[in-house]
Amino acid sequence: MTTAVVVTAAGMGTRLGFNMPKALVPLHGRTLIERALDGVITSGIADQIVVTIPPGAEDVFSGLVGNDIDIVPGGDTRQQSVKNGIDQTGTADIILVHDAARCLTPPPVIVRVRDAIAVGQAGAVPGLPVTDTVKVVRPEPPYEPVIDTLERSVLRGVQTPQGFNGDILREAHEIVWPGVDGAPDDASLVEYLGHDVVIVEGSPLAMKITTVLDLKLAELLLKEETKEEV
């Protein structure tokens with residue numbers, strides 16, 4: 001079985017306070033995309049790696065990712081960017097879709113996702129139990145009436161990479177998602193087709209770096225890791 005990994009890196013880092021592609025934001029001396037690729041490469045599961053990038057940023061990304069990794073311009077939405085990446089994977093049997101912003105994802109998580117697909121699952125995503133109580137509300141600021149309180153024991157917060165049977169994921173990205181802003185994630189598209197998606201064990205380190213606070217926390221984690229190695 002051949003495995004391709006699509007790493008999405010086409011977004012901008014505005015919420016992090018940087019006027020540059022988010023994947024190029026520095027984290028403890030290296031960019032997010034370099035750290036994300038380190039995890040994928042170290043996992044040893046990828047026969048092909050494709051990185052989706054902001055259009056026009058080919059030169060800077062080429063210098064960072066190396067000649068063995070394919071780069072492709074992203075689209076207007078994350079869903080279109082992922083499809084552009086998938087289109088570069090040829091006939092790969094297994095496709096994993098990873099977010100460069102989850103750049104500290106441990107390699108064993110990546111392996112667990114791939115292994116679930118290799119034994120016949122249509123889709124697999126890493127996830128962790130939800131620790132907060134989750135309320136469903138009616139969004140009417142400044143006060144939001146609570147409609148329901150969800151049972152925490154059956155909730156999981158999902159991460160990436162999300163892995164899929166290659167043919168199923170290609171088919172899923174050909175459908176038109178009914179939502180206005182596109183599917184919440186790639187697993188939602190596969191679920192929409194009627195396929196089962198399973199959860200494998202995720203990791204707190206697979207946190208998504210979205211805000212300045214996230215970036216500072218990731219920086220602190222890497223500093224502590226460096227101290228332990230000395």
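Which helices each supply at least two residues of the lining of the second largest pocket? Keep that in mind as we go; the answer comes at the second pocket.

**Before you start**

This is a predicted model, in which local features need pLDDT of at least 70 and side-chain atom pairs count only at pLDDT 80 or more, while totals for chains, interfaces and linings use all residues. Residues are numbered from 1 along each chain as its sequence is written, and side-chain values use heavy atoms, with hydrogens and water left out.

**The whole chain**

Show the chain as a cartoon. You will find seven helices and 12 strands (DSSP runs numbered from the N terminus: helices are H or I with at least four residues, strands are E with at least two). The radius of gyration of the chain, taken over C-alpha atoms, is 18 Å, close to the 17 Å from the globule rule for 230 residues, so the chain is as compact as a globular protein of that length. That rule is 2.2 Å times the number of residues to the power 0.38. Along its principal axes, the C-alpha trace spans about 50 × 40 × 35 Å.

Colour by accessibility next: 45% of the 230 residues count as buried. Here buried means under 20% relative accessible area, exposed over 50%, and partly exposed in between, with a 1.4 Å probe and protein chains only. Among contacts (heavy atoms within 4.5 Å) between residues at least 6 apart in sequence, 67% join residues at least 24 apart.

**The largest pocket**

Select Ala 10, Gly 11, Met 12, Lys 22 and Asp 99, which lie nearest the centre of the largest pocket among its 22 lining residues. A pocket is an open set of points on a 1 Å grid over the protein atoms alone, where a 1.4 Å probe fits, with protein on both sides within 12 Å along at least five of seven lines; lining residues have an atom within 4 Å of a point. About 410 Å³ of space lies here, a volume being the space filled by probe spheres set on the points, which are joined across faces, edges and corners. The lining divides into eight nonpolar, eight polar and six charged residues. Ala, Val, Leu, Ile, Met, Phe, Trp, Tyr, Cys and Pro count as nonpolar, Asp, Glu, Lys and Arg as charged, and the others, Gly among them, as polar.

**The second largest pocket**

Now select Cys 103, Leu 104, Thr 105, Leu 222 and Glu 225, the nearest to the centre of this pocket among 14 lining residues. Its volume is about 280 Å³. Back to the opening question: helix 1 (32-43) and helix 7 (212-229) each supply at least two residues of the lining. Helix 1 gives the largest share, four residues.

**An aromatic pair**

Show the side chains of Trp 177 and Tyr 192. Their rings are edge-to-face, 5.3 Å centre to centre with 65° between the planes (rings of Phe, Tyr and Trp, the last by its six-membered ring, pair if their centres lie within 6.5 Å; planes under 30 degrees apart are stacked, over 60 edge-to-face, the rest tilted). Trp 177 sits in the loop between helix 5 (166-172) and helix 6 (186-192), and Tyr 192 in helix 6, so the pair ties together parts 15 residues apart in sequence. Tyr 192 is partly exposed, at 47% relative accessible area.

**Backbone stops**

Zoom in on Pro 141 and Pro 142, joined by a cis peptide bond with omega about 10°. Pro 142 lies in the loop between strand 8 (135-137) and strand 9 (146-149).

Finish at His 28, which has a positive phi of about 50° although it is not a glycine.
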